[in-house]
Each structure stands twice: as structure tokens, then as C-alpha cells.
Amino acid sequence: MTTTGTTTAVSPTAAPPRIERWVHPGAWWIWALGLAVAASRTTNPLLLGLIVAVAAYVVFARRPSAPWGRTFTAFLVLGAIIIAIRVVFQILLGVPVGSTVLFVLPTIDLPDAFAGVSVGGEVTGEEILAGAYDGMRLATILACVGAANSLASPARLLASVPGALYEAGVAVVIAVTFAPQLITDLRRVRAARRLRGRPVRGLRGIAGSALPVLEGALERSVHLAAAMDSRGYGRVADRTQRQRRLSAATLLGSLTLGLIGVYAMLDASAPMIVGAVLLVSGGTLAIIGVRIAGARSPRSRYRPDPWRLPEWVTASSGLAPAAAFIAASVLTIPGMSTPVDPAQWPQLPIIAVAGLAIALLPAWVTPQPPDRQPR
Amino acid sequence: MNANPVIRWESVSVTYHEAAKPTIENIDLEITEGELALVIGPTGSGKSTLLRTINGLVPHFTGGTLHGRVLVDGRDTATHPPRELADVVGYVAQDPRSGFVTDTVEEELAYTMESLGIAPDAMRRRVEETLDLLGLADLRSRPLGMLSGGQRQRVAIGSVLTATPRVLVLDEPTSALDPGAAEDVLATVQRLVHDLGITVVLAEHRLERVVEYADRVILMPGDGRSLIVGEPAEVMGAAPIAPPVVRLARIAGWSPVPLSVRDARRVAGDLRARLHAADTPPNPPEPLPPDADRTIDAPAACHAGDTVLATMRDVVVAHGSTIAVSGVSWQLHAHEVVALMGRNGAGKSTLLGALVGMHAASRGQVTVAGSDPRQLRGSQLVRTIGLVPQEFTDLLTRSTVAQECHDADRDAHAQPGTTAAILADLAPDIASDAHPRDLSEGQRLSLALAVVLSGRPPVICLDEPTRGLDYDTKERLISILRRIQTEGHVIVVATHDVELVAELATRVVILADGQIVADGPTTAVVVSSPLFAPQVAKVLSTPAAPARWLTPFAVAQALGDAS
């Protein structure tokens with residue numbers, strides 16, 4: 001697609017040709033989640049916009065030409081819809097902030113059960129601004145997820161999942177790939193309904209199409225299950241009773257420790273250190289449990305993605321903005337949140353911008369994806 | 001037979017849940033190492049069931065009871081579920097698309113090996129070998145969704161082959177493919193048998209395509225009768241189902257029965273001479289054009305005078321940015337049976353879709369019986385044009401046959417009982433309280449066709465109607481369509497089935513890349529084409545004199561007239 005053009009443009013120093021390969025999907029996800037964490041710490045529209053810009057730049061430089069490579073724009077559109085919905089909700093249901101009344105909506109009196117919810121009334125500019133900022137934060141987080149999704153295929157991520165979780169992971173991936181198939185089915189069923197002279201639109205049309213589509217999906221999943229079974233899916237290595245009990249016990253124990261740990265962390269009266277210790281030991285136990293359970297699956301991996309320098313750089317360059325944004329908000333550096341009452345032009349905190357700049361690195365340091373243009 | 005059986009059935013019977021009688025009964029059979037065994041028989045005779053007992057899908061996956069014992073490479077399928085047989089048996093289901101697990105060709109080839117836990121360096125090597133063996137190297141990183149039908153089938157075969165199984169089981173590998181792609185796949189299969197010594201068990205309805213490759217034929221007559229197993233020539237000489245070349249051999253009295261066009265041509269000299277002596281072609285003689293490349297500007301003369309039922313003028317249909325039909329103009333006349341041919345993806349289905357108003361033409365004009373089909377709704381549409389789509393089960397929505405017929409009458413504003421009467425005519429033995437999904441493929445097609453015919457539309461389209469139909473059902477379908485034709489309808493059939501075209505069509509239209517490349521009377525278009533010529537024409541044609549006989553029946557008639 002457009003990737004080759006971008007690279008030649010941004011790397012004028014013609015180094016020896018880099019080998020094309022897939023970057024470990026885990027690295028992309030850590031990078032994207034780091035950006036998402038950064039986004040969650042600010043309502044500054046300028047910073048949010050910069051985060052999306054950074055994500056978009058890297059996506060367009062390194063996305064593959066496979067179908068999932070094109071999902072980023074869909075996530076952006078979804079983000080815009082979220083902003084719109086958030087603003088509309090703010091107008092209808094929000095509590096007015098500030099004094100710049102733009103217009104007044106008729107109020108609706110709700111029964112006592114909904115006390116505390118007000119519909120309509122005065123709508124202020126500050127209120128809309130606050131709603132928009134909040135929506136933008138959500139949309140930015142979504143864009144980060146979208147970036148990870150188009151840079152690393154869900155199936156490739158699955159290949160890096162520990163053996164014990166593999167079978168559950170397959171179910172998730174298949175569910176994801178079934179969605180587009182359902183749309184094709186729906187189109188076919190609707191065409192068939194029209195051929196029989198039945199309505200395809202409206203409530204009757206939807207009701208009449210739903211059942212055949214679901215039937216088709218069910219039939220297909222049975223076919224897929226048969227095919228996977230005949231291809232060795234779910235083979236189990238011999239394992240003793242003791243091993244089985246051990247893995248069950250460790251997983252259960254880790255879950256219990258983890259839950260108590262989370263509770264201790266959230267409960268202000270418990271000392272923080274207790275919670276932290278419990279969480280860490282729960283996590284360690286979980287890793288051991290997954291290892292033991294994974295030993296029963298004899299699977300091997302075809303061309304697993306290695307974790308080398310580009311992966312380290314990618315993952316840490318995503319953590320940089322997260323750290324910068326968290327630090328900035330803990331130190332209450334001005335500009336991390338944009339006050340709406342009175343409305344102010346947002347500032348650009350240097351530390352946050354510097355963190356974001358680091359997140360651009362993967363656009364240059366990672367190898368190109370190896371998929372050649374089909375046809 | 002031989003000392004070396006890879007698969008052995010010992011008095012095997014399979015009974016599915018709630019079934020009154022066993023699907024297959026008392027089977028004793030051995031298949032030896034390195035053999036290509038072809039399983040044939042009418043629909044419902046248990047071919048798929050027999051195939052699925054080999055890797056234990058029956059009964060581990062499908063349920064039901066299996067009596068007796070199936071041994072594969074010494075392993076008893078009773079104690080080995082399919083996943084434990086994956087390294088011995090490679091099984092490819094009818095529609096390979098439904099069995100793909102991963103995103104790209106290369107990953108799909110590796111999937112079975114990953115499940116088996118094969119070491120990474122061995123996997124890497126075997127994937128490369130398989131890519132070369134099946135001619136898939138150029139497609140290695142192609143997404144599976146973008147493959148053509150034949151490529152898809154080869155990837156599916158490759159994906160089980162990487163586990164180096166001793167047995168390859170293929171359920172109807174070519175029935176959805178155009179003639180060219182089918183030849184590709186079969187050549188691949190033959191290469192596996194010859195070069196790698198893999199044992200192949202293959203079920204197929206399209207006998208004309210596969211029988212010449214088989215080492216042994218297993219005929220399942222159905223209805224609990226016992227298997228007939230033997231050399232292809234020997235079994236085909238007596239089988240109730242036979243490809244055209246075999247039926248021709250029976251008419252001409254050739255023995256042993258030739259199984260391929262090549263073998264038949266070598267003994268056909270005498271028959272050719274007799275036919276030319278008789279020289280009364282079956283159809284009213286149609287002047288053979290000097291070349292078959294008729295263009296749309298010179299429509300075939302044979303249907304002048306008949307009423308025009310549908311017209312397309314310079315029609316362009318695009319799916320997104322790809323143009324599926326580009327500038328097609330044609331007319332359909334009453335009493336015509338038009339065969340629409342061309343490779344997979346040539347635009348046949350889209351053209352039919354445009355004709356029934358399913359796809360909007362981005363340019364040009366479609367007129368069916370005086371109106372634009374896209375404007376038609378409800379009973380108006382049902383009474384103007386009907387389409388039996390490729391997935392004809394989509395047309396059926398109710399839970400019994402009787403309800404389906406009742407609904408069809410209502411949709412078409414027809415007399416109550418119309419559809420039921422048509423159906424009784426098409427397939428007399430359908431129980432009216434049966435669920436459409438429980439019917440056989442042929443019965444279901446009959447029901448879908450009856451539903452479409454209930455509105456008595458002047459234009460009737462069928463998309464790939466013979467996929468998965470056995471010879472009997474196909475014969476019945478052909479006679480039904482002939483009758484509809486004489487009643488003044490026009491029938492348009494999109495198909496890969498050259499034998500169906502030879503039997504049925506009066507006119508053939510060949511599409512390539514969304515354009516009409518040939519349009520004319522069947523004999524003229526089909527005989528000269530290496531891919532679309534039916535077997536009889538291939539046997540009887542000589543470079544000097546192209547044959548005018550396309551079916552065994554026509555040959556028999558010609559000989560009968562002469563004597």
C-alpha cells in the first residue's frame with residue numbers, strides 16, 4: 001500500500017537494507033496501551049490530538065496490507081461518533097457548569113425514582129466543552145486500541161499466548177473473524193427474501209432474516225469444529241493426576257491472592273504494601289500455574305515472532321508517554337487538564353510532549369511488515 | 001486383496017441418532033497403500049459417512065453408533081478420536097472455506113503441524129516443500145479470503161499434507177470448481193499418489209472428471225445393498241451411474257470400457273465412420289460459423305421470431321472498486337435455455353444478480369418483461385423473474401415442506417395448492433411434514449425450484465444447480481427444465497457442468513472478466529472449446545470435422561436412424 005513510500009521519505013540515510021519481518025504483536029500492544037494510559041490522564045484536547053497523530057503516523061508507516069491493517073480509520077470514525085454521543089448526552093442530561101448559557105431546553109419532570117437525573121434545562125458552553133473533552137479522551141483511547149489492532153493481527157497475537165490459554169484464545173479469534181462473515185450471510189439471506197417477494201426492510205424484514213443467518217453461523221461453526229478436530233486441535237499430552245491437581249491448585253490460589261490484593265489496594269484503610277505484596281505473589285503463582293497447565297498441550301509454533309531490539313524499543317517507547325503523563329499529572333503540572341470554567345486555551349506541557357515524541361520512534365526503528373502486495 | 005492394507009473396515013455399520021435404518025451397513029473393505037480409491041454412488045448412499053469413518057469423525061464428532069471396527073494404519077478409530085489420527089489421515093471437507101482456521105496461506109499450511117507439536121525447523125522445511133509441491137509458492141502470504149476456488153482446494157489439501165499423513169480423504173474436491181481449476185486439483189492429487197505414495201480416498205459426483213485417475217472404484221448403490229468394488233473399467237461397465245464416455249462405450253459396444261477421452265478416441269474410428277455415414281445430426285442442422293467467436297453484434301439467428309423476454313443493454317455492475325460485469329448486452333427469448341459459462345469469478349453470478357435486480361447496474365439498462373427488475377417488489381417480482389441461487393437453501397425459511405408451499409402460494413398470489421402440485425411433479429416422494437433441512441440435496445433443490453416456479457415467471461435463472469447432484473437427480477432436473485422451456489419460459493443456467501450444457505442448453509454464452517466472449521448455439525460454441533466441450537464431442541471430433549453430437553443420447557439416436 002503506501003508503506004514503502006513513507007519509509008524512503010523518512011529514512012534518508014540509506015542503511016543496509018533491513019530484513020522485512022513482523023514485529024512481535026505484544027510489542028505493538030504494549031506500545032498502544034502505553035499511549036492509551038497517557039490519554040487517560042489528560043483532558044487537554046491538544047495533547048489528545050497529538051496522541052492520535054502519533055498513533056496514526058506509526059500506523060501508516062508500518063501497517064500491513066492485510067484486511068485488518070485497514071481497521072484504523074474505522075476506529076477513528078467510531079471515535080468521532082463517541083464524541084458526538086457524549087456531547088449529546090451532556091446537553092440532554094448534564095448538570096450545567098459555568099455561566100455562559102447558550103440555550104435552554106424544555107425540562108422534563110421525571111418520577112421520584114429518577115431523582116438526581118435532570119433532563120433538559122439550561123445548556124452552557126462550559127458544559128458542552130467539558131463533554132467534548134471527555135468524549136475526546138474516550139475516542140483517543142479507542143484510537144490507540146485501533147492502532148494496535150491494525151499493526152498486529154489478532155491471530156498473530158494469539159500465537160504468542162501461553163499454551164494453557166491457547167484454546168480459549170482460539171475461541172475469541174474465531175468469534176472475531178465470524179463477524180464479517182455474518183454480514184455476508186445477512187446480505188445473501190436478504191437477497192433470497194427479496195426473490196421470494198418478502199419485505200427486506202423494517203421490523204418484519206429483520207425478524208425474517210435473523211433466524212437463517214444464525215442457522216448459517218451455527219452450521220459453519222460445526223463445520224469448522226470438525227475441520228479443527230481432524231487437524232489435531234485439542235490434542236492432549238499424557239499427564240499425571242498429580243500434575244493436573246497441582247495446576248488447578250496454583251491457578252485457584254493465584255486468583256484468590258489476586259482478588260484479596262486488589263481489594264487491599266482499593267481499600268484506603270488497608271496498608272498499600274500488603275496489597276502490593278499480595279498482588280505480586282498472586283501474579284507469580286498465576287505464571288507458574290499457566291506454565292504447568294501449558295505443559296499438557298503439545299503444540300509447537302511456526303515461525304514465532306522473535307523479541308529483539310526493535311521490540312524492546314517499541315514497547316518502551318510506548319511506556320515513555322505513559323510515564324511522562326502520569327508524572328506530569330502527579331506533579332500537577334499546569335496544562336494536563338484543561339479548565340472549562342472559565343474556558344481557557346489549552347497549554348502544552350513540555351514533559352508530556354517530550355514523552356509523546358519518543359512514541360514516534362517505532363515508525364523508524366521497526367522493520368517493515370513482510371507481506372507483499374497481493375495480485 | 002493385498003497384504004498391505006492402510007485402511008480396513010471390518011463389518012462396519014453406522015446408524016445415526018433417531019435414524020430408522022443404518023446409513024451404511026456391513027461394510028468389509030480394505031484399501032491398500034498408495035492406492036487412489038474413488039467412492040461413487042447416488043446422494044444419500046453414505047459416501048460422506050464412509051469417508052468420515054476413516055478419521056473417526058463418525059462417530060466421535062457426528063454422534064451415532066458404529067458397529068464393527070475401522071483400522072487406519074493399525075489404529076482403531078474407536079479408541080482414537082479425529083485429533084489423535086491427524087498425523088495419519090488428512091481429511092478435507094466439501095467446502096474447504098469452512099475449515100480454514102488462520103489468516104494466510106503459509107500459516108494455514110503450518111496449522112496442523114503446530115497442533116501436532118512438530119519441531120519448528122521441521123515445520124519450516126515442510127511448509128516450503130508443500131508450497132512447491134502444490135504450486136502455491138506465489139501465494140504464500142495471500143489472505144485466505146482472496147483465493148480462487150481451485151487455489152482454495154489446493155491450500156486445503158496442502159494444509160493437511162504438511163502433517164505427512166499416509167491417507168488423504170477428499171470429499172467432492174472438484175464439484176464447486178470450473179473445469180480448468182478441477183483439472184489443476186486432480187493433477188495435484190495424482191502427483192501426490194505417484195510421487196509420494198500417499199493413499200487417496202476420494203468421493204465425487206462428477207465422474208467424468210475423476211474416473212480415469214482412479215485405481216479402484218468403490219460403488220455404493222445405497223438402500224443397504226452391498227458394495228461393488230473393482231477395477232474402474234470393470235465397475236463402470238455395469239454401474240447404474242456412468243460418465244458420458246462410458247455411456248458412449250455402451251452404445252458403441254466397446255469392451256473393455258475406455259475411461260478417458262484419450263482411450264475412447266483410440267477406439268472411436270469405427271463409430272465416427274458409422275456416424276458420418278448416417279449423418280443426420282440430432283438437432284435441426286445449424287450452420288456452423290467459421291469461427292465460434294461470435295460477438296454480441298451478431299446474435300445467433302436461431303431464435304429470431306421468438307418473443308424477447310429480457311434485455312440488457314451495455315450493463316456495467318461494480319462491487320466496490322472491482323468491476324464484475326463490464327458492458328454486457330444481450331437478449332433472452334422465449335423457448336431458450338441459455339447456459340452461462342466461464343471460469344470462477346468471471347461474473348456469471350453477478351450477471352444473474354443484475355438480471356433479477358439484486359445488483360444495481362452502475363451503467364446501462366436491464367429490462368425484464370417490460371419493467372426494470374429493481375423496481376419490482378413482492379408478488380410482482382415473483383411473477384416476473386425467478387432465481388434459484390447457488391445457496392438455494394436460503395430460499396427456504398419454514399420448518400415443514402407444507403408450510404413452505406403454502407407461503408409460496410401466498411407470496412405469488414397463486415391458487416392454494418399450486419406449489420405443492422409443482423413439487424409433486426418434480427419430486428413425488430417428498431413427505432409434506434419433513435423439515436427442508438432434512439431433505440436430500442436434490443429434493444431440497446426441487447423444493448426451491450417449485451417455490452420459484454409458483455409465480456410462473458417468464459424468466460427463470462439457476463445458479464450452479466447441479467453442484468452436488470447425482471446423475472439420477474440431474475436427469476430429472478434436465479427433463480423438468482426441458483418441459484418448462486416448451487411452455488414458453490426462458491431458462492438461464494450459470495454452470496461449470498459441461499455435460500449439463502450439452503444435454504440441455506440451446507445457446508451458450510461464455511463470460512470472461514465480466515464480458516461476453518462467445519455467444520451462439522450450443523454446438524457451435526462448445527465443440528471448438530478445449531475446456532467446455534463435452535466428452536462425447538471430444539471423442540468424436542477430428543480436426544477436419546468437428547462433431548455435431550454432444551451427448552450419448554444424440555449418438556444413439558443418430559445410429560438408430562441410420563439402421
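**Reading a predicted two-chain model**

Chain B has a mean pLDDT of 86, with 94% of its residues at 70 or more; pLDDT is the predictor's confidence in each residue, from 0 to 100. This is a predicted model, in which local features need pLDDT of at least 70 and side-chain atom pairs count only at pLDDT 80 or more, while totals for chains, interfaces and linings use all residues. Residues are numbered from 1 along each chain as its sequence is written, and chains are lettered from A and ligands numbered from 1 in the order in which they are written. The model scores ipTM 0.84 and pTM 0.79.

Q: Where in chain B does pLDDT stay under 50?
A: That happens over residues 284-304 of chain B. Where pLDDT is low, the predicted coordinates should not be read in detail.

Q: Why is H11(A) called roughly antiparallel to H12(A)?
A: The axes of helix H11 (residues 309-330) and helix H12 (residues 350-358) of chain A cross at roughly 170° and come within 7 Å. Axes are lines fitted to C-alpha atoms, for helices over the stretch in contact, and angles run from 0 to 180 degrees between N-to-C directions. Angles under 35 degrees count as roughly parallel, over 145 as roughly antiparallel, 65 to 115 as roughly perpendicular and the rest as oblique. The crossing angle therefore makes H11(A) roughly antiparallel to H12(A).

Q: What classes of residue make up the contact of H11(A) with H12(A)?
A: There are 12 nonpolar, two polar and no charged residues. Ala, Val, Leu, Ile, Met, Phe, Trp, Tyr, Cys and Pro count as nonpolar, Asp, Glu, Lys and Arg as charged, and the others, Gly among them, as polar. Among the residues that meet are Ala320(A) and Phe325(A) in H11(A), and Ile351(A) and Leu356(A) in H12(A).

Q: Which residues of H6(B) are buried?
A: They include Ala181(B), Val185(B) and Leu186(B). Buried residues have 20 or more other C-beta atoms within 10 Å of their own, exposed ones 12 or fewer, and partly exposed ones fall in between, with C-beta atoms placed from the backbone.

Q: How many residues of chain B are in contact with chain A?
A: 47 residues of chain B are in contact with 36 of chain A, contact being C-beta atoms, placed from the backbone, within 7 Å. H3(B) gives the most to this side of chain B, with eight residues.

Note on methods:
Contact = placed C-beta atoms within 7 Å. Helix = DSSP H or I, 4+ residues; strand = E, 2+ residues; numbered from the N terminus.
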